[in-house]
Amino acid sequence: MSDFICIRYGAGQEPLARAPLPGELGQRILTSVSRKAWSEWLAHQTMLINENRLSPLDPKARQFLAVEVEKYFFGPGSAPPEGYVAG
């Protein structure tokens, strides 16, 4: 029986197979975030990239996304851009 507990959904979720990001943040996500929660983050990240017109190749964009993923799981949450309307 697994001791894994997802930070968003609690026990009973499937953990990630490997760290999705390098470094300490990736390890925190690996030990705290389920596949389901990570999938939801990826959708949120895609919205942030599209709405903010970010290039994943831009170091400033990558830093922005690193801050947002940390807020999404371990902070107050990552809000959509001002004026964003889900469609």
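How do the residues of the lining of the largest pocket divide into nonpolar, polar and charged? They divide into eleven nonpolar, one polar and one charged. This is a predicted model, in which local features need pLDDT of at least 70 and side-chain atom pairs count only at pLDDT 80 or more, while totals for chains, interfaces and linings use all residues. Residues are numbered from 1 along each chain as its sequence is written, and side-chain values use heavy atoms, with hydrogens and water left out.

**Largest pocket**

- The volume of the largest pocket is about 240 Å³.
- Its lining holds 13 residues, and those closest to the centre are Leu-21, Gln-45, Arg-62, Leu-65 and Ala-66.
- At least two lining residues come from each of α2 (35-51) and α3 (59-74), and α2 gives the largest share, five residues.

**Ser-34**

- Ser-34 is placed in the loop between α1 (23-32) and α2.
- Ser-34 counts as buried (under 20% relative accessible area), because its relative accessibility is 0%.
- Beyond its neighbours within four places in sequence, Ser-34 is in contact with residues including Phe-4, Tyr-9 and Pro-15, where contact means heavy atoms within 4.5 Å.
- A polar atom of the Ser-34 side chain lies 3.1 Å from the backbone nitrogen of Ala-37.

**Arg-53**

- Arg-53 belongs to the loop between α2 and α3.
- Arg-53 is exposed (over 50% relative accessible area), because its relative accessible area is 74%.
- The phi of Arg-53 is near 50 degrees, a positive value in a residue other than glycine.
- Most residues other than glycine have a negative phi.

Note on methods
1 Å grid on protein atoms, 1.4 Å probe; cavity = no way out; pocket = protein on both sides within 12 Å on 5 of 7 lines; lining within 4 Å. Points joined across faces, edges and corners; volume = space filled by probe spheres on them. Helix = DSSP H or I, 4+ residues; strand = E, 2+ residues; numbered from the N terminus. Nonpolar A, V, L, I, M, F, W, Y, C, P; charged D, E, K, R; others polar. Buried < 20%, exposed > 50% of the residue type's maximum accessible area, 1.4 Å probe, protein only. Polar contact = N/O pair within 3.5 Å; in protein donor to acceptor, adjacent residues only side chain to side chain.
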